[in-house]
Structures are given as C-alpha cells and as structure tokens.
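Student: I would like to go through the terms used for this model. Can we set each value against its cut-off?

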Amino acid sequence: MQTQLRISRERLRARIGQRMEVLVDEVANGQATSRSFADAPDIDGKVYIRDPTGLRAGDRCRVLVEEAGDYDAWGRLLDMPA
C-alpha cells in the first residue's frame, strides 16, 4: 500500500499545471466533483473543481489542475468544450 500511495502521489503531482478534460459527477457545497476519462467512479481518485458556477452533473469541462493530494486533485474551471 505504501508503494501504491507513493506512485499515486507522484502521478497526481505531475498533473499540477496541466489542463485536463473532466466529466462532472456532482455539484454541491461550492465545488464540483469530477473525474478524467481514465478514472472509474468509486474506484479512482477525483478532480474537485473550485467555484463550479454554471456546472451541472453530466457536464464535460476543462480544468487547470492547481493542487494534488495522495489520491485526488483540485483545480479551477477553464471552459466548457465546444
């Protein structure tokens, strides 16, 4: 488990500063919970979007990853794909 934790942490930190497309799963309490195309719900980590104004569950959007933890990442909304 310690090895997997280290791998997850390193992979997420490498995403800081990157733009990624995500699918919004839920919007509540001032943030949106989303995931990338490679992440399975309830298994893989999540991407939390700060200030999700205008987002709804099921939306696809682009985010800038600004912070990473051991299993999850946080970012800000850039735009909605055309």
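Tutor: Start with contacts: heavy atoms within 4.5 Å count as a contact. This is a predicted model. Of its contacts with a separation of 6 or more, 50% join residues 24 or more positions apart.

Student: What pattern does the protein follow along the sequence?

Tutor: The pattern is α-β-β-β-β-β.

Student: Why are Tyr48 and Trp74 called stacked?

Tutor: Ring centres must lie within 6.5 Å to pair, and planes under 30 degrees apart count as stacked. Tyr48 and Trp74 are 5.7 Å apart, centre to centre, with 25° between the planes. The structure holds one aromatic pair.

Student: What makes this pair a tie between parts of the chain?

Tutor: Tyr48 lies in strand S3 and Trp74 in strand S5, so the pair ties together parts 26 residues apart in sequence.

Student: Is Tyr48 buried or exposed?

Tutor: Buried means under 20% relative accessible area. Tyr48 has 16%, so Tyr48 is buried.

Student: How do you know that the radius of gyration agrees with a compact globule?

Tutor: With 82 residues, a compact globule would have a radius near 12 Å. The protein has 12 Å, so the two agree.

Student: Which element gives the largest share of the lining of the largest pocket?

Tutor: Helix H1, with five residues. The pocket has a volume of about 340 Å³. Among the residues closest to its centre are Ser8 and Asp39.

Conventions: Residues are numbered from 1 along each chain as its sequence is written. This is a predicted model: local features need pLDDT of at least 70, side-chain atom pairs count only at pLDDT 80 or more; totals for chains, interfaces and linings use all residues. Side-chain values use heavy atoms; hydrogens and water are left out. Rings of Phe, Tyr and Trp (its six-membered ring) pair if their centres lie within 6.5 Å; planes under 30 degrees apart count as stacked, over 60 as edge-to-face and the rest as tilted. Helices (H or I, at least four residues) and strands (E, at least two) are DSSP runs, numbered from the N terminus. Buried means under 20% relative accessible area, exposed over 50%, partly exposed in between (1.4 Å probe, protein chains only). On a 1 Å grid over the protein atoms alone, a cavity is a set of points where a 1.4 Å probe fits but cannot get out, and a pocket is an open set with protein on both sides within 12 Å along at least five of seven lines; lining residues have an atom within 4 Å of a point. Grid points are joined across faces, edges and corners, and a volume is the space filled by probe spheres set on the points. The radius of gyration is taken over C-alpha atoms; the globule rule is 2.2 Å times the number of residues to the power 0.38.
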